[in-house]
Amino acid sequence: MEDEIRTVLSEELGDLATFGAEIPERYRRDWLSEQAVTPIAVIRPRTTEDVSRALRLCSRLGISVVPQGGMTGLVGGAQPVAGGVALSLDRMTAIEEIDEVMATVTVEAGATLGEVQRACEQAGLFLAVDLGARDSCQVGGVISTNAGGNRVIRYGMTRENVLGIEAVLSDGTIVTSLNKLLKNNAGYDLKQLLIGSEGTLGVVTRAVLRLHAQPQSFCSAFCGCADFAGVIGLLKAARSTLGAALTSFEVMWPSFYDFMCDGLPELRRSLAGRHGVYVLIEASGPAGQARQSLEDLLAAEIDAGHIADAVLPKSERETTELWAVRESVSEYGRLMGPLTGFDIGIPTGDAGAFVAEIEAALARHWPDVHALSYGHIGDSNLHLVVNVPSAGAHQPHDALCDLVFEAVSRYGGTISAEHGIGTIKRDYLHLTRSPSELDVMARLKRALDPRGILNPGKVLAPPQSAASQSAASQSAASQSAMPQSATLQSSAPLSGPA
């Protein structure tokens with residue numbers, strides 16, 4: 001059967017399709033996945049019409065299509081599936097227009113975020129969406145995962161920075177809505193269905209992104225707080241004092257800061273002594289104004305007792321050193337080996353309690369655990385990275401997810417703040433989405449992708465067959481009949497916030 005599909009794809013798509021041993025390694029796995037999967041073919045279209053032709057053909061053949069971007073995702077969303085094809089837009093990289101009057105940029109989905117940022121900067125404008133993987137991630141992937149980053153507190157998620165989209169549905173239908181208007185209230189806003197859908201509802205091919213005035217200067221400050229109460233006081237003051245000039249508010253607990261500084265000799269500790277929590281603040285504005293605003297903020301917050309110590313860099317080199325610890329996450333593999341990473345959202349006021357309890361709970365279950373906590377706390381996004389040294393290559397991934405995600409649910413948080421669901425978090429989605437929400441998601445999937453060919457198994461579980469539904473019902477009935485003493489209980493459960 002696969003040989004017949006290869007023949008049809010080759011005849012219909014020509015040099016857009018690559019097969020077998022000729023498929024480069026980069027298309028066989030995404031960043032997270034260890035196991036390579038060789039798809040039937042990799043299709044690399046040059047135009048939106050090529051994408052339409054490819055999807056129309058795959059729909060007719062009934063074969064799965066996994067859209068791929070820069071392959072930097074962390075939830076398995078771009079991992080190919082056996083018996084399907086991978087669809088990469090890495091040939092569609094044009095930056096088509098920068099409209100200085102409307103303050104927009106129109107780009108093809110395969111352009112990297114870094115390329116678009118630099119083009120906009122040359123035009124005197126600023127693309128606010130920014131990620132550490134800016135020179136690898138592609139615009140289409142950034143949109144399909146609704147990516148976040150360091151500046152969400154000021155400019156919002158990717159969703160708030162997309163004005164228009166062109167996309168191709170599973171049957172090859174091209175939906176073009178390359179809107180440039182900030183105000184366009186005519187009917188349903190279809191782009192919002194596609195932003196964050198991880199390629200399960202359609203393939204984004206072009207987009208119009210909102211731009212801003214290029215800030216004349218950025219200034220950062222590094223602060224040590226005695227405890228999380230000090231962090232909350234500092235955040236309130238930063239919002240009040242800096243207003244729209246506050247572009248980043250990054251928080252690092254000692255579990256992260258000390259581990260990285262102790263493990264990487266090239267990192268320099270910016271403050272004398274040890275502190276309960278560390279905060280990295282960035283402000284932007286006219287030349288000189290951002291620094292003066294930060295100086296005034298720090299002086300007031302030291303007097304208020306929210307900050308124990310702080311430093312303002314005197315040069316670009318010192319600024320880079322301040323951010324080096326926060327951006328050292330690419331060294332995890334060297335310091336920790338296999339790990340389980342969590343990208344979660346917790347109500348900001350509860351983040352300190354959550355970190356204290358989850359780090360303690362992890363240590364009770366795995367005494368030698370490394371659990372590193374940090375994140376964009378200004379927008380309620382917490383990152384937790386866990387490694388159990390004694391487990392070696394066989395990390396207790398499922399048990400860690402069960403423990404952490406159950407606690408996230410009780411704290412009224414989300415299992416995914418900015419990286420999406422993919423396959424890694426799919427089975428936990430019900431913890432932070434209601435049954436009615438999940439039902440509507442499934443209805444949308446069936447409506448826009450009735451044959452279920454787009455990124456199957458990602459975000460939502462595949463529909464159950466009648467036989468499997470019957471088996472599940474019998475299993476549930478059997479479990480409900482079990483005596484209470486036979487129910488598995490989690491040891492040392494976490495308590496939610498008061």
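Q: Across which strands does helix 12 lie, and at about what angle does helix 12 run to strand 18?
A: In this predicted model, helix 12 covers residues 351-365 and lies across strand 16, strand 17 and strand 18. Helix 13 (residues 397-410) also packs on the sheet, where it touches strand 16 and strand 18 and makes about 15 degrees with the direction of strand 16.

Q: Which strands stand at the edges of the open sheet of seven strands?
A: The seven strands follow the order 15-12-14-13-17-18-16, and their pairing is antiparallel. A strand at the edge pairs on one side only, and this holds for the strands at residues 309-311 and 340-345. Neighbouring strands of this sheet are turned against each other by 15 degrees on average, direction ignored. The edge strands are strand 15 and strand 16.

Q: Which residue is the bridge partner of L246 in strand 14?
A: Strand 13 spans residues 246-252 and pairs with strand 14 in the antiparallel sense, over six bridges. Strand 14 itself takes in residues 277-285. Within strand 14, the bridge partner of L246 is A283.

Q: Is L280 buried or exposed, and at what relative accessibility?
A: L280 is found in strand 14, and, leaving aside residues up to four places away in sequence, L280 touches A221, F222, S248, F249, E250, M252, L322, W323 and R326. Because buried means a relative accessible area under 20%, the value computed for L280 places this residue in that class. L280 counts as buried, at 0% relative accessibility.

Q: Which residue in the turn between strand 5 and strand 6 has a positive phi?
A: Strand 5 and strand 6 run antiparallel and are joined by four bridges, and the bridge partner of I98 in strand 6 is V105. The two strands form a hairpin with four residues between them. In general, most residues other than glycine have a negative phi. The residue in the turn with a positive phi, of about 60 degrees, is A103.

Q: Which residue of strand 9 is the bridge partner of A167?
A: Strand 8 takes in residues 162-168 and runs antiparallel to strand 9, to which four bridges join it. In strand 9, the bridge partner of A167 is V175.

Q: Is V459 buried or exposed, and at what relative accessibility?
A: V459 is placed in the loop between helix 14 (435-448) and helix 15 (466-480), and its phi is near 70 degrees, a positive value in a residue other than glycine. S380, in the loop between strand 17 (370-376) and strand 18 (381-387), has a positive phi of about 70 degrees although it is not a glycine, and S380 is partly exposed with a relative accessible area of 24%. V459 counts as buried, at 14% relative accessibility.

Q: Which residues of helix 8 are buried?
A: Helix 8 covers residues 254-263 and is mostly covered, since seven of its ten residues are buried. They are S255, F256, Y257, D258, F259, M260 and C261.

Q: Over which residues does pLDDT stay under 50?
A: The mean pLDDT of the chain is 88, and 92% of its residues reach 70 or more. The stretch where pLDDT stays under 50 has 20 contacts beyond four places in sequence in the model, and this stretch is residues 465-498.

Terms used. Residues numbered from 1 in each chain as written. Predicted model: local features only at pLDDT ≥ 70, side-chain atom pairs only at ≥ 80, totals over all residues. Heavy atoms only, no water. Pairing = 2+ DSSP bridges. pLDDT = per-residue confidence, 0-100. Contact = heavy atoms within 4.5 Å. Buried < 20%, exposed > 50% of the residue type's maximum accessible area, 1.4 Å probe, protein only. Axes fitted to C-alpha atoms, helices over the stretch in contact; angles between N-to-C directions.
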